[in-house]
Amino acid sequence: MKKFLVVFILLLSIAIFAETTIKVAVWSWDVELYKKIIQSFNEKYPDIKVEIVVNEPDVNSFLTAKSAAGEDLPDVVAQSWMELHYPVSQGWVYPLNDFVKNDPDFSFVPKQLQNAYSYNGVLFALPERLHFNTIMVNLDLLEKLNLKKPNYLWNINQFRTLARRGTTREYSGIDNLWEFDTFMAAVLTDHTSFWSFDINNWKFDLQNGGWIPAITLQKQLKSVPGLVAGDLFNQEIRDEGELDDYQKKFGRDADAFMEGKILFGFRGTWAWYENNLKELSWNYDMYPVPNDPKYGLRIPTHINYAFMTSTTKHPKEAFLFLKYLTYDPNGVKERLRILTNNKDAEGKLTKDWFIPATMHPDVVKYFDSVEFIPDGVKYMLKRLDRTVQVDLWKIVPGWWGAIWDVIFPVNEKIRSGEVEPEAVAAETEEKANEIIKEAWANFENDLNDFLNNFYNK
């Protein structure tokens with residue numbers, strides 16, 4: 001009996017010490033979702049216990065407060081769309097190169113997504129989910145106006161023609177062009193992204209990038225009376241108790257887009273939730289933004305990310321969970337399964353989904369099988385190698401200073417007709433790049449200090 005008791009205690013001790021606990025930070029509204037994800041993770045890794053902590057009020061503020069209070073950081077931050085360069089500069093993010101090196105699953109993540117969150121060749125975060133800028137096409141209105149449905153690889157001439165033909169006394173070609181030119185600067189080019197920033201050379205190229213062609217396209221669309229429904233809106237007239245042109249065309253209390261009176265909608269895939277697209281009464285699809293045939297398909301893409309913290313005491317176990325969330329085909333497919341089968345209190349499908357950052361065949365096959373995901377989004381998932389990262393504020397130090405203090409005021413003058421883009425491109429580019437250059441120098445100093453300490457400790 002005594003011998004049995006000793007063996008039992010020994011085995012119990014081994015079991016206790018074999019289990020590793022890691023903490024994972026998520027947004028408050030996703031706690032229940034992550035409980036399900038953790039449950040599925042533990043079916044594969046039963047010896048890794050995962051505890052949930054909540055990011056409040058946001059990821060970077062949460063980490064700052066933890067660090068200032070001398071408290072432990074979570075091992076993994078599961079989801080963020082904040083500026084990554086901030087926690088990297090603070091030395092809070094774990095370099096991942098050694099973990100993904102020679103991992104066959106990582107090869108299904110396209111190169112531009114693999115490198116989206118790298119600095120000087122060091123990988124700091126992994127894509128957790130994507131969003132695309134798209135053009136929503138009202139399929140019912142196309143048919144009603146006897147217009148031919150375009151294919152997904154449509155070009156700017158086809159888009160412009162359809163928008164014009166879709167503009168009548170009753171309908172408009174597109175709902176709005178808010179920031180349309182800034183995103184199209186990533187499409188009408190072969191080397192620039194949002195606001196005509198050249199990621200490879202880490203500077204704006206307003207003179208030779210997509211900025212001027214995008215502004216030109218937007219001007220052409222706006223020049224057609226009634227084509228841009230949002231341009232008919234006038235709050236001053238409404239405040240005086242009169243009907244503005246939007247109301248005269250669509251009705252006093254109309255929401256023309258939701259009512260199906262607009263052919264195209266410039267939307268991101270996040271509008272599925274924010275604008276409740278799943279409840280629309282008319283048939284639609286989400287198309288890639290139209291391309292310039294000289295450059296082919298370029299898909300403006302926003303990349304939410306996840307990362308490990310540099311203070312984790314269990315990097316191997318933390319990375320297993322990080323990989324499960326981001327590019328492990330089994331983990332990603334399981335996340336999709338949980339979301340796409342989620343039901344509300346009444347037992348009705350909530351029709352939730354996300355765009356994964358991997359082109360692994362198993363993931364693509366499952367994504368294709370989900371009926372309520374728009375076909376155009378499925379088309380784009382199969383072409384992740386044609387994506388262009390546009391959420392550059394997440395990775396570029398000094399971004400907001402360059403945009404709001406330099407480029408945006410000039411863009412507003414261009415839109416009002418005060419100046420021509422060709423006349424101001426060189427000067428504006430130079431001023432904006434000075435801000436980026438200085439911010440990068442400061443960031444790189446912090447980056448190098450952290451990496452030296454990290455690898456030499």
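**Reading charged residues**

Q: Why does glutamate 240 count as exposed?

A: Exposed means over 50% relative accessible area, buried under 20%, and partly exposed in between (1.4 Å probe, protein chains only). Glutamate 240 has 63% relative accessibility, and therefore counts as exposed. The model is predicted: local features need pLDDT of at least 70, side-chain atom pairs count only at pLDDT 80 or more, and totals for chains, interfaces and linings use all residues. Residues are numbered from 1 along each chain as its sequence is written, and side-chain values use heavy atoms, with hydrogens and water left out.

Q: Where is glutamate 240 found?

A: Helices (H or I, at least four residues) and strands (E, at least two) are DSSP runs, numbered from the N terminus. Glutamate 240 is in the loop between helix H11 (235–239) and helix H12 (245–250).

Q: How many salt bridges does a search of the whole structure find?

A: Side chains of opposite charge can pair when their charged atoms come close. A salt bridge is a side-chain nitrogen of Lys or Arg within 4 Å of a carboxyl oxygen of Asp or Glu. The search of the whole structure finds 22 salt bridges.

Q: Which residue forms a salt bridge with lysine 323?

A: The partner of lysine 323 is aspartate 103, with the closest N and O atoms 3.0 Å apart. This pair links distant parts of the chain, 220 residues apart: lysine 323 is in helix H14 (residues 315–326), and aspartate 103 is in the loop between helix H5 (97–100) and helix H6 (111–114). Lysine 323 counts as buried because its relative accessibility is 13%; aspartate 103, at 14%, also counts as buried.

Q: Where do glutamate 334 and arginine 337 lie?

A: Both lie in helix H15 (residues 329–340), three residues apart, which is about one turn of the helix. Glutamate 334 forms a salt bridge with arginine 337, and their closest N and O atoms are 2.7 Å apart. Glutamate 334 has 19% relative accessibility and so counts as buried, whereas arginine 337, at 38%, counts as partly exposed.

Q: Which residue forms a salt bridge with lysine 382?

A: Lysine 382 pairs with aspartate 368, the closest N and O atoms being 2.8 Å apart. Lysine 382 is in the loop between helix H17 (375–381) and strand E13 (387–389), and aspartate 368 is in helix H16 (residues 361–369). Lysine 382 is partly exposed, with a relative accessible area of 37%, and aspartate 368, at 31% relative accessibility, counts as partly exposed.
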